[in-house]
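Please take a look at the fold shown here.

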Amino acid sequence: MTTTYTARPIDQSVLKELRTADDAGRPMAPVVDDEGGAPLRCCLRRSEPGERIALVSYAPLRRWAAETGAEPGAYDEQGPVFVHADECPGPDLDGYPFPDAHRTVRRYSADGRILGGELVDAAGDEAFRKAFTDPAVALVHVRAVEYGCFLYEVRRP
């Protein structure tokens, strides 16, 4: 499946930091995933039974703001994300990750303010094209509906 936009995993350098201490300052606590199915933000796929994973606190907007000089203020939030406990090769995607589920596509301006969000049947080209028709939108976060967790980021092409 060809995609127009790029689903961005958590950057490898950030993952290295999160595996030492997460964005809430807690050390990583790896576990063996007996069941599988956890949405991994390092490689944008679901975990397999028996993999070592960790649930860490991650502040995606804070990390982006540090790169760009934005000041998100109160919009700087952190939340739980699953990652491999050990280094992984990153995504090997065919299409967009975590398909076939309702998602929220949350839009942000270049200064890190929320410009709105939309519930979509599945995050993909149509949802991203619609979000980026507004020239003020610098990036979007795709989030799970059931818990509101950050899944991945898409930046303006």
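What follows is a short tour of this model, from the sheet to single residues. The model is predicted, not an experimental result.

## The sheet and its helices

Start with the open sheet. Four strands build it, in the order E7-E6-E8-E9, and the pairing is antiparallel. Strand E7 (114-120) and E9 stand at the edges. Each has a single partner strand, so one side of each is left without a neighbour in the sheet. On average, neighbouring strands are turned by 20° against each other, direction ignored.

Look next at the middle of the sheet. Strand E6 covers residues 103-109. Seven bridges join E6 to E8, and the two run antiparallel.

Helix H2 (residues 60-68) touches E6, E8 and E9. The direction of H2 makes about 160° with that of E8. H3 touches E6, E7, E8 and E9. For H3, the angle with the direction of E8 is about 140°.

Which residues of H2 are buried? They are Pro 60, Leu 61, Arg 63, Trp 64 and Ala 65. The cover over these buried residues includes H1, E4, E6, E8 and E9. Just after H2 comes Gly 69, with a positive phi of about 85°.

In soluble globular proteins, nonpolar side chains tend to be buried together. How many residues has the largest nonpolar core here? The count is 19. Those with the most contacts inside this core are Val 105, Phe 128, Phe 132, Val 140, Tyr 152 and Val 154. Three elements each supply at least two of its residues: helix H3 (125-132), strand E8 (137-144) and strand E9 (150-155).

Leaving aside neighbours within four places in sequence, Phe 132 is in contact with Tyr 5, Val 137, Ala 138, Leu 139, Val 140, Val 154, Arg 155, Arg 156 and Pro 157.

## Aromatic pairs

A pair of aromatic rings is described by the distance of the centres and the angle of the planes. The count here comes to four aromatic pairs. Two of the pairs involve Tyr 5, as the table shows.

| Pair | Centre to centre | Angle between planes | Kind |
|---|---|---|---|
| Tyr 5 and Phe 128 | 5.8 Å | 70° | edge-to-face |
| Tyr 5 and Phe 132 | 5.7 Å | 25° | stacked |

Where do these partners sit in the chain? Tyr 5 is in the segment before helix H1 (12-18), and Phe 128 is in helix H3. That pair links distant parts of the chain, 123 residues apart. Phe 132 also lies in helix H3, so its pair with Tyr 5 ties together parts that are 127 residues apart in sequence.

Tyr 5, Tyr 96, Phe 128 and Phe 132 form one aromatic cluster.

## Residues to check one by one

Leu 44 has a positive phi of about 55°, although it is not a glycine. Find Leu 44 in the loop between strand E2 (39-40) and strand E3 (45-46). Its relative accessible area is 3%. Buried means under 20%, so Leu 44 counts as buried.

Phe 98 also has a positive phi, near 50°, and is a residue other than glycine. Its place is the loop between strand E5 (79-84) and E6. Phe 98 counts as buried, at 7% relative accessibility.

Ser 57 belongs to strand E4 (residues 51-58). At 6% relative accessibility, Ser 57 is buried. What joins the side chains of Ser 57 and Gln 78? A polar contact of 3.5 Å does. Not counting residues up to four places away in sequence, Ser 57 touches Leu 18, Asp 22, Asp 23, Ala 24, Arg 26, Gln 78 and Gly 79.

Notes
Residues numbered from 1 in each chain as written. Predicted model: local features only at pLDDT ≥ 70, side-chain atom pairs only at ≥ 80, totals over all residues. Heavy atoms only, no water. Core = buried A, V, L, I, M, F, W, Y, C linked by side-chain atoms within 4.5 Å. Buried < 20%, exposed > 50% of the residue type's maximum accessible area, 1.4 Å probe, protein only. Contact = heavy atoms within 4.5 Å. Pairing = 2+ DSSP bridges. Axes fitted to C-alpha atoms, helices over the stretch in contact; angles between N-to-C directions. Phe/Tyr/Trp six-rings, centres within 6.5 Å; stacked < 30°, edge-to-face > 60°. Polar contact = N/O pair within 3.5 Å; in protein donor to acceptor, adjacent residues only side chain to side chain.
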